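Dear colleague,

Please find the structure below, handed over for your records.

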Amino acid sequence: MTDRAPVNPITAEDEVVGICQDLIRFDTSNYGDGSGPGERSAAEYAAGLLAEVGLEPELFESAPGRANVVVRLEGTDPGAGALVVHGHLDVVPAQKEDWSIDPFSAELKDGLIWGRGAVDMKDMDAMILSVVRQMQRTGTKPKRDLVIALFADEEAGGAYGARWAVDNRPELFDGATEAISEVGGYSAYIGGKRAYMLQTAEKGLGWLRLRASGRAGHGSQINDDNAVTRLARAVARIGDYEWPIELTDTTGRFLDGVTELTGVEFDPDNPDILLKELGTVARFVGATLRNTSNPTVLTAGYKDNVIPGSAEARIDTRTLPGQDELVLAKLKELAGDGVEFDYIHHDVSLETPFEGPLVDAMVGALHAEDPGAAVLPYTLSGGTDNKSLSRLGITGYGFAPLQLTPDLDFPAMFHGVDERVPAEALTFGARVLRRLLTTY
């Protein structure tokens, strides 16, 4: 009888693309009003992949169909703080008629995976699952405990996902001190050089409802107390207001790095000079130079000849760290008398220094696969589930590593039509993530 050579185990690179495609094919559209299909089907699939390699994931629902999956991998150093590695399973809706392919078909075309969630964020979910599966197959133990979490409802603020888990199942995150998730670690071309954007801050979030009251009456009458007029003027003033440029520590350091790469200095009186050096990434970065407040919804009236007694608007505000109260006060000043404000959803801003062992480990994992590339900290203009985890004192970073081609308008892929990601970017990301999770 001859000895057989050991069979090489399946690697993360071997299956990350297929897992991403499988996840995209589960329609987990989140409409924000509870009418979507929920995340249950995708959560069951993910839990099955984890169970298949000997783990015991917990799948729990915060409401019917709103499913989350969490599993803990024990590390070799009980004194090291646990690292939460998390993604979300929901996606924003996609209108099929607007796409060149079925948004839930997950076609592999021209070397790219196409479909809703390819970038936001079933690509990272697939990286996480494939790396954990390889670690389990090979018996690779992390240094610290890893809390692997796939949440519901991130696209609507996390009330059924990360926020619910933090408020109702905090024991799942016992000992956790840091976390990594989406919208960071991807490459961009700055001054013709590849640089990786590591997210160390994100703006605060406030979805505000404005209500104006007035005197209801017949549409043919003179009315100097018209709620629609009052609200329209308030919304116009808010929409037209130009917030001043204010650089946080993170954004200042990012711009310094861009200057080193391009030789172009940042001019606060003309920020577009430097921003144009960033190409499409300027859409992400430009909004982090200042607070923003964008009117998004107007509602008033019910009949053409009836002046309503009230009118309502909604404003999407994104605030720099520590400026929530300042922004709200300014908005009230702009709105003027007779307009009431309340929050529909409100969440914190985050900022952490671009230093420390985890930052060093993330940078080292990128450099191991792409030696010499620049790695820059940046502020995310949107928000992630790291906001919810921060309620437990967990410091979060954006690190979903992707090496992208310069022709891909990556920022446009987020919530965009024909969302897609290069398959090779996922295999690169799986290698980087494996290095991080097995060495940090």
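Angles under 35 degrees count as roughly parallel, over 145 as roughly antiparallel, 65 to 115 as roughly perpendicular and the rest as oblique. This is a predicted model, in which local features need pLDDT of at least 70 and side-chain atom pairs count only at pLDDT 80 or more, while totals for chains, interfaces and linings use all residues. Residues are numbered from 1 along each chain as its sequence is written, and side-chain values use heavy atoms, with hydrogens and water left out.

Helix H1 (residues 12–24) packs with helix H3 (residues 122–138) at an angle of about 135 degrees, their axes being 8 Å apart. Helices are DSSP runs of H or I with at least four residues, strands runs of E with at least two, numbered from the N terminus. Axes are lines fitted to C-alpha atoms, for helices over the stretch in contact, and angles run from 0 to 180 degrees between N-to-C directions. H1 and H3 are therefore oblique to each other.

Three strands form an open sheet in the order S4-S5-S19, with antiparallel pairing; two strands pair if DSSP finds at least two bridges between them. The edge strands, each pairing on one side only, are S4 (108–109) and S19 (420–422). S4 and S5 (residues 112–114) are joined over two bridges, and Lys109 stands opposite Leu112 in S5. H1 packs on this sheet, touching S4 and S5 (contact means heavy atoms within 4.5 Å), and its direction makes about 15 degrees with that of S5.
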